[in-house]
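Visitor: Could you walk me through this one and tell me what stands behind the labels you use?

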Amino acid sequence: MIGLLLCLPAALILGLGFVWPVALLARISLNRTTDMGAMEEAFSLETMAKLVEDDFTWELAWNTATLSATCGAIAVALALPVALLIRSAPPQWRGLLSLMAVAPLLVSSTARIVGWMAILGDRGMINAVLAWIGVVDDPVRLINNWTGVRIGLTESLMPYACLVLIAGLGRLDSRLEEAAATLGATRTKTFLRVTLPLAAPALAAAFLLVFVLGVSAFVTPRLMGGGRVFVVATEIFDLALETVDWPAAAAMAMLLLGSLGLAMALRGLVAKVAR
Amino acid sequence: MRPGWVLRLAAICGYALLLAPALLVCAISFSAGDFLTFPPPGLSLRWYAALVSNAELMAALRNSAVLAAVVAVIALLAGGPAAYAIARLDFPGRGFLAGFLAAPLLLPTLVLGLALLLALQPVKLAATWPGLVLAHAMVAIPFAVRIMTTAFGAVPKDLEEAAWTLGATPLQAALRVTLPIAAPGAIAAGALCFLVSFDETVISLFLVGPRLSTLPVEMFRYAENRTDPLVAALAMTLIIVALAVVLLVERLVGFTRAVGRN
């Protein structure tokens with residue numbers, strides 16, 4: 001009984017700041033918006049149906065899904081060598097190398113985007129180098145468009161992929177790779193035939209995590225896209241704060257949650273079938 | 001097996017991508033120029049001076065620091081006892097509560113922010129201190145509970161039982177034996193909660209108003225509209241705070257363990 005009592009303060013704060021708002025969100029997604037733009041109490045799926053029938057919603061969903069699938073895959077592919085290096089590094093280096101890979105998680109994403117503006121902007125590092133070599137006359141547009149969003153999102157997802165891969169690969173038995181090498185396999189062959197299959201579950205877990213995070217990312221698409229890139233997250237934000245159409249924003253958020261839940265369930269199913 | 005050069009090269013590329021933005025922010029923040037130009041036309045501290053003399057941004061910095069400190073204390077006071085109960089006591093609903101207290105981490109912050117706006121606006125709590133404290137405490141508590149559950153769980157139960165045998169009440173044993181041993185974990189949890197609140201952008205974007213704003217929100221808006229090195233100096237301030245917390249947490253409990261999901 002005393003255990004319940006000890007959990008009470010934390011549970012109360014979560015009840016007030018989490019359960020109640022999310023329940024209200026679900027409830028408001030069933031409301032209607034009148035032609036005048038006011039919210040009207042209702043209990044219907046009308047708002048959600050309107051969104052589902054709208055081609056723009058599907059365009060947003062497609063953009064969002066392809067964006068986070070591409071960036072997620074690249075992030076995992078780039079995190080793999082980092083995690084492999086950490087795994088084979090001498091123990092005294094492992095801590096520092098892991099810290100360097102994961103620390104960007106706690107640097108505010110807006111701060112990192114300012115760094116990207118200095119790298120990718122018209123007067124940024126890459127354009128300075130390109131102009132110095134003399135390849136281009138006019139600056140290449142690398143920011144305030146989809147390219148910028150893809151680069152920024154990939155970088156922001158990488159630390160999460162590193163986190164999963166460092167934990168996942170740490171458990172693999174490195175003697176298997178040594179055995180392959182002893183038996184005459186080249187490095188490439190050892191990697192393709194031994195390391196990669198062993199790492200597959202960790203890679204899949206990392207991809208799923210970063211895909212889910214990418215789908216709901218807001219700051220990177222908004223700032224790196226310069227207001228010209230539209231994904232589900234930016235649309236929810238605009239509906240809530242610019243159009244002030246709460247039922248539509250809530251319905252869109254519920255659809256997002258539903259799709260994420262579906263993705264998780266599918267993954268569970270696939271894992272079960274694979275076993 | 002020693003890593004081959006292909007792996008090394010690929011890993012260096014990975015690290016370069018991870019660390020480049022923060023390094024560039026650092027370089028640009030000392031720029032003497034008027035834009036985010038690289039290489040900077042000259043070095044100066046003028047944008048730090050501009051930052052310090054910008055009343056709006058300094059007010060936002062003060063708000064963020066106060067908010068983060070309050071949130072860290074609340075998260076520890078509410079999360080600590082819960083973590084102790086989950087790590088040490090057996091009671092009905094323990095598994096459910098452990099899951100529930102981690103639940104906010106499952107939802108995107110964008111959805112949480114929207115939900116909080118819809119809930120707090122009608123009761124006039126949006127853009128107020130209590131509203132922001134509630135929102136930030138909600139996202140900080142799961143971190144506090146997770147880190148402190150591990151910290152309490154790592155203290156051998158025998159020590160507490162020895163204290164009981166010597167006549168201590170369970171409360172005395174928990175406060176005078178287990179808590180001091182778990183103190184590094186508690187400090188790490190507090191530091192991390194401070195940072196979670198200090199860096200929180202998306203939820204705050206939904207909840208701030210003209211009279212109450214936070215530093216990440218101001219930085220977001222600045223970066224949305226203008227591109228001079230002031231925003232780099234601002235970003236540098238946040239990076240330094242984050243770095244301090246990361247190093248503190250790393251020393252106390254190990255950073256990868258604190259933020260890892262298992």
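This is a predicted model: local features need pLDDT of at least 70, side-chain atom pairs count only at pLDDT 80 or more; totals for chains, interfaces and linings use all residues.

Visitor: What makes up the secondary structure of chain B?

Guide: Chain B has 13 helices and zero strands. Helices here are DSSP runs of H or I with at least four residues, strands are E runs of at least two, and both are numbered from the N terminus. The C-alpha trace of chain B spans about 70 × 60 × 30 Å along its principal axes.

Visitor: And what does chain A contain?

Guide: Chain A has twelve helices and two strands. Its order from the N terminus is α-β-β-α-α-α-α-α-α-α-α-α-α-α. The box around its C-alpha atoms is roughly 75 × 70 × 40 Å along the principal axes.

Visitor: What makes Glu160(B) partly exposed?

Guide: Glu160(B) has 19 C-beta neighbours inside 10 Å, so it falls in the partly exposed class. Glu160(B) belongs to helix 7 (residues 157-165) of chain B.

Visitor: Which residues is Glu160(B) in contact with, leaving aside neighbours within four places in sequence?

Guide: Two residues are in contact if their C-beta atoms, placed from the backbone, lie within 7 Å. By that rule, Glu160(B) touches Ala173(B), Ala174(B), Val177(B) and Thr178(B). Pro170(B) is ten residues from Glu160(B) in sequence, with 8.0 Å between their C-alpha atoms.

Visitor: How many residues does each chain bring to the contact?

Guide: Chain B brings 80 residues and chain A brings 79. On the chain B side, helix 1 (residues 5-29) gives the most, with 16 residues.

Visitor: How many residues of each class are on the side of chain B that touches chain A?

Guide: That side has 64 nonpolar, ten polar and six charged residues. Nonpolar means Ala, Val, Leu, Ile, Met, Phe, Trp, Tyr, Cys and Pro; charged means Asp, Glu, Lys and Arg; the others, Gly among them, are polar.

Visitor: Where does UniProt list a "transmembrane region" in chain A?

Guide: The unreviewed entry lists residues 60-84, 96-119, 157-173, 194-219 and 248-270. UniProt positions follow the numbering used here, feature names are shortened, and annotations may be inferred rather than shown by experiment. In the model, residues 248-270 of chain A are 100% helix and 0% strand, with end C-alpha atoms 33 Å apart. Residues 194-219 of chain A are 88% helix and 0% strand, and their end C-alpha atoms are 39 Å apart.

Visitor: What does the entry list for residues 61-249 of chain B?

Guide: The record, also an unreviewed entry, gives "domain: ABC transmembrane type-1". In the model that span is 78% helix and 0% strand, and its end C-alpha atoms lie 22 Å apart.

Notes
Residues are numbered from 1 along each chain as its sequence is written. Chains are lettered from A and ligands numbered from 1 in the order in which they are written. A residue is buried if 20 or more other C-beta atoms lie within 10 Å of its own, exposed if 12 or fewer, and partly exposed in between; C-beta atoms are placed from the backbone.
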